[in-house]
Amino acid sequence: QVQLAESGGGSVQAGGSLRLSCAASGYTSSTGCIGWIRQAPGEDREGVAVIKTGVGTTAAADSVKGRFTISRDNAKNTVYLQMNSLLPEDTGIYYCAARTDCNWMPRLTMLSSGFYYYWGQGTQVTVSS
């Protein structure tokens, strides 16, 4: 059973940075993908970024390109989301999610919440203006 645990959330002012971590257990990095999905209050979940952990291929939503970077450390079975130049609209709960049998697909498919089988509990990110 895959288990995911997020950490690194917090409160920052606009323009600041945070790095989120997603520690995965029971997950095979050579075949899977891990994504970051966020949910703002009263909004639907929005895919932020995804990485195919075996080869390091990544994709990101247009809203975060140039500001957020997803990366992985397979030795630690951990995926990171480096978030720079944060905006108030980046506020929300950030979830990491995993799919164990991951073939690279169109970006919008891989950024949809329905793409993933396993979810963490989420970590809160609050950006104040």
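In the predicted model, the link between Cys 33 and Cys 102 is left-handed, with -70 degrees about the S-S bond. The two residues stand in distant parts of the chain, 69 residues apart: Cys 33 belongs to strand β4, which covers residues 33–39, while Cys 102 is located in the loop between β9 and α1 (107–110). The sulfur atoms of this disulfide, Cys 33 to Cys 102, are separated by 1.8 Å. Cys 33 and Cys 102 are both buried.

A search of the whole structure returned two disulfides. Besides the bond described above, a disulfide connects Cys 22 with Cys 96, at an S to S distance of 2.1 Å. The link of Cys 22 and Cys 96 is right-handed, with 65 degrees about the S-S bond. As for solvent accessibility, Cys 22 and Cys 96 are both buried.

The arrangement of the bonds along the chain was also examined. When bonded cysteines are counted along the chain, the disulfides follow the pattern 1-3, 2-4. In terms of handedness, the Cys 22 to Cys 96 link is right-handed, whereas the Cys 33 to Cys 102 link is left-handed.

Technical notes. Residues are numbered from 1 along each chain as its sequence is written. This is a predicted model: local features need pLDDT of at least 70, side-chain atom pairs count only at pLDDT 80 or more; totals for chains, interfaces and linings use all residues. Side-chain values use heavy atoms; hydrogens and water are left out. A disulfide is a pair of cysteine sulfur atoms within 2.5 Å. Buried means under 20% relative accessible area, exposed over 50%, partly exposed in between (1.4 Å probe, protein chains only). Helices (H or I, at least four residues) and strands (E, at least two) are DSSP runs, numbered from the N terminus.
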